[in-house]
Amino acid sequence: MTTIESLALTDEPFMRRALALAAQAEAMGEIPVGAVLVKDGQIIAEGFNQAITLSDPSAHAEVMALRAAGTSESNYRLVNTTLYVTLEPCVMCSGAMVHARVERLVYGASDYKTGAVESVMRLLEHDSHNHKVQYVGGVLQQECSEMLSAFFKRRREEKKKLKAIQTKQLENDG
């Protein structure tokens, strides 16, 4: 077994936990993204999207996990940690990982609109950073992608139904 294959096997249980956290976000009406921060093979913090619930644009899953870890570790530097997240991080979350000194990132689905690791830009590879986060994408990619796709499909259908109801009400009122 290659090192990459063995890492993927050890990464999957943590990514499955991140998927469970993403389901919690979805149950709250949030975009289903979950994150787990691991150190020495143990989960030290978790997070899921709460931007809508908290009215906080920075309350992404990754940031929530990093905040919780900073508190539990009593340190804003989170060296020797791996962050597992179901969706490729955005610019804000990638920057937070660099500042926190996260060693490694593992993500599931690519984000072709705002992904700042590989899809849209490669922020973690920028030469100006004094810390480089290692990364691997595509771990449980299908499950992560399907959860997000199903969420956005439902959301579009709900908006379409709401618009139809509003149109009907306007016709009845007129």
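Arginine 16 and glutamate 143 form a salt bridge, with 3.4 Å between the closest N and O atoms. The model is predicted, with local features needing pLDDT of at least 70 and side-chain atom pairs counting only at pLDDT 80 or more, while totals for chains, interfaces and linings use all residues. Residues are numbered from 1 along each chain as its sequence is written, and side-chain values use heavy atoms, leaving out hydrogens and water.

**Exercise 1.** State which parts arginine 16 and glutamate 143 tie together.

*Solution.* 
- Step 1. A salt bridge needs a side-chain nitrogen of Lys or Arg within 4 Å of a carboxyl oxygen of Asp or Glu.
- Step 2. Arginine 16 belongs to helix H1 (residues 3–27) and glutamate 143 to helix H5, so the pair ties together parts 127 residues apart in sequence. Helices (H or I, at least four residues) and strands (E, at least two) are DSSP runs, numbered from the N terminus.

**Exercise 2.** Is arginine 16 buried, partly exposed or exposed?

*Solution.* 
- Step 1. Buried means under 20% relative accessible area, exposed over 50%, and partly exposed in between (1.4 Å probe, protein chains only).
- Step 2. The relative accessible area of arginine 16 is 42%, so arginine 16 is partly exposed.
- Step 3. Glutamate 143, at 32%, also counts as partly exposed.

**Exercise 3.** Find the parts joined by glutamate 46 and arginine 17.

*Solution.* 
- Step 1. Their side chains meet in a salt bridge of 2.7 Å, N to O.
- Step 2. Glutamate 46 is in strand S2 (residues 42–48) and arginine 17 in helix H1, so parts 29 residues apart in sequence are tied together.
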